Structures are given as C-alpha cells and as structure tokens.
Amino acid sequence: ELWRIIGVFDVASTEGGALEKRLKIIRNEGIGGSLWDNKPLGVGSSDSEYGSNDWTDSALMEVLNNGHYWKRTIGLCPSGQNGATKNCDFSNTGLTEESKKLIGDAVWNLGGTINEKNDTIKKYYEYERGTAVYEGRTTIWTGKIGLLYPSDFGYATSGGSTTSRNECLNIRVGSSGWCASSYSDCYSNNYLYSTTTYWSITPLSYNSSGVMDIHNAGCISGSRNNVIGNMYIRPTIYLKSTVIITGGDGSSTNPYTLGI
C-alpha cells in the first residue's frame with residue numbers, strides 16, 4: 001500500500017497528555033465507498049433518521065477502528081438509513097498486524113465548520129480546532145484511524161503558473177472559489193486531490209447530520225444530512241513517534257518503507 005505524507009504535527013496520545021511531533025499520513029487509494037453514519041433516531045447521538053455527525057460513535061469510526069477494516073475481515077457494514085447493513089470485504093484492504101504496530105492513539109480535533117463552502121483554508125483550520133459544534137457534541141476524540149481535515153487538503157496545494165499557492169490559500173475553497181475553472185491550479189496541483197469525492201472527519205456545527213467532504217470537483221463541500229451518503233474512505237493516521245524509515249527515498253518510484 002502507498003500512503004502519502006500530510007505533515008508533521010504536535011499531537012498528544014491522550015487527552016491532556018504531552019505533545020509529540022508525529023507524522024500524519026493518508027492512504028493514497030480509497031478503500032471503497034461508505035456512508036459516514038446511519039444510526040436510527042434515538043440511538044447514541046442520533047436525533048434524526050439521517051444518523052449523526054458525532055465521529056465518536058459514528059458507524060464509519062467503528063468500521064475503521066474496531067470493525068472489519070481494522071480486523072482485515074469480511075462481514076456486514078452500515079448501508080442505508082436506520083442502521084441497515086450490507087456485505088463488505090476488507091480481507092485484502094484492511095490493516096495487517098504489522099501495520100497496526102506503526103499506528104498510535106492520537107487526540108483528534110472535532111470542531112465543526114460554521115460556513116461549509118465559502119471560507120479560506122485558514123478559517124477551516126480554525127474551525128477544526130474550535131469549539132463550535134452541534135449541541136451535545138464533543139470537540140475531541142482519541143483513537144487510531146481518522147479521516148482528513150479540510151485544511152489538510154487545502155494546505156497540500158502547490159498552486160501553479162496562473163494561481164500561486166499563496167493566492168490559492170487566500171481564495172475561498174468552496175464552490176464559489178476552488179471549484180471554478182479559473183482556479184484549477186489550486187486543486188490540479190494538489191497531491192491530495194482525487195477524482196472521487198471522499199469524506200473528511202469535520203462536521204457541520206449547525207446541523208446534527210452534516211459533514212464536510214473533499215469534492216471531486218476540486219473544492220471542499222458539505223451539506224445537511226449527508227452522513228448517509230456514499231463517499232470514498234481514505235483512512236488517515238498518526239504514526240507512532242518511534243517509527244523509523246527502513247528504506248526508500250520518498251519518491252513515487254521508491255517510496256519510504258517503515259518499521260519500528
């Protein structure tokens with residue numbers, strides 16, 4: 001499997017714990033499409049028939065951290081509304097026991113976005129680390145497998161000859177900005193861009209079942225009650241600080257290999 005480096009971040013492994021500089025990486029290929037959550041009304045944090053945007057008890061969090069992706073098995077995964085399921089097979093794409101040894105618990109920020117389509121990357125970064133969440137939601141989660149932040153995607157741009165990186169970072173990243181053809185430099189020169197729309201971990205703060213996504217049109221998007229939609233999953237992790245490079249030079253033809 002090929003995973004891409006997002007960056008080095010100061011991260012704690014427990015709430016209130018000491019910060020360590022740790023490498024954050026994302027799977028280069030998606031592991032298939034899935035909803036984000038589909039808990040029935042009244043189950044866990046769900047207060048509607050559309051599921052919940054609380055990552056701490058979401059269906060996708062369970063699949064990645066405790067379910068068939070984590071176990072590298074075949075079974076039932078969430079699909080459709082009201083807790084429905086479908087067959088899923090992670091026997092080839094799930095985590096190996098060797099891979100699990102490289103992944104450490106991390107404290108993830110769950111701040112919600114106030115404006116899901118028309119702000120700059122800097123504003124999204126602030127939202128993600130803020131306290132604006134839907135009523136009753138927490139602002140942090142401790143676990144191993146998460147998803148990309150909208151700001152991770154935005155800061156990965158290198159810009160181009162028509163629109164520089166600095167200009168991209170100061171343009172609205174939603175449908176009225178990056179998605180416009182005139183700003184294609186912002187996403188076409190972004191190594192986290194994909195032709196498939198994939199989930200982020202960041203919820204909307206004003207709706208109980210809306211989440212941000214990385215849209216295949218090249219911008220950040222999000223909408224009410226979209227957690228039951230089908231979008232691609234790109235697992236994202238923080239490596240343990242003890243992980244070392246065991247080979248490779250980091251190029252696409254000779255990527256780093258990792259070990260402990």
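Okay, hi everyone. Before anything else, keep in mind that this is a predicted model.

Three strands are involved, it's an open sheet, and the order across it is 1-2-12, with antiparallel pairing. So who sits at the edges? Strand 1 and strand 12, residues 236-238, are the edge strands, and each of them pairs on one side only. Going from one strand to the next, the twist averages 25°.

Now zoom in on one pair there. How many bridges join strand 1 and strand 2? There are 9 of them, and the two strands pair in the antiparallel sense. Strand 2 covers residues 19-27. If you want a landmark, find arginine 4 and look across: opposite you'll see isoleucine 26, in strand 2.

Stay around there for a moment, and look at isoleucine 5. It belongs to strand 1, which spans residues 3-12. Is isoleucine 5 buried, partly exposed or exposed? Its relative accessible area is 38%, so it counts as partly exposed.

Next up, a hairpin. Strand 4 is residues 74-78, strand 5 is residues 85-89, and they run antiparallel, joined by 5 bridges. Which residue in strand 5 is the bridge partner of proline 78? That's threonine 85. Between the two strands of this hairpin there are 6 residues, and glycine 80 takes a positive phi near 80°.

That brings me to backbone angles. As a rule, most residues other than glycine have a negative phi. Here are a couple of residues to check against that.

One is arginine 72. It isn't a glycine, yet its phi is positive, near 60°. You'll find arginine 72 in the loop between helix 2, residues 68-71, and strand 4. With a relative accessibility of 28%, arginine 72 is partly exposed.

Then there's asparagine 225, again not a glycine, with a positive phi of about 55°. Where is asparagine 225? Look in the loop that runs between strand 10, residues 220-223, and strand 11, residues 231-232. Asparagine 225 has a relative accessible area of 26%, so it is partly exposed.

Note on methods. Residues are numbered from 1 along each chain as its sequence is written. This is a predicted model: local features need pLDDT of at least 70, side-chain atom pairs count only at pLDDT 80 or more; totals for chains, interfaces and linings use all residues. Side-chain values use heavy atoms; hydrogens and water are left out. Helices (H or I, at least four residues) and strands (E, at least two) are DSSP runs, numbered from the N terminus. Buried means under 20% relative accessible area, exposed over 50%, partly exposed in between (1.4 Å probe, protein chains only). Two strands pair if DSSP finds at least two bridges between them. Axes are lines fitted to C-alpha atoms, for helices over the stretch in contact, and angles run from 0 to 180 degrees between N-to-C directions.
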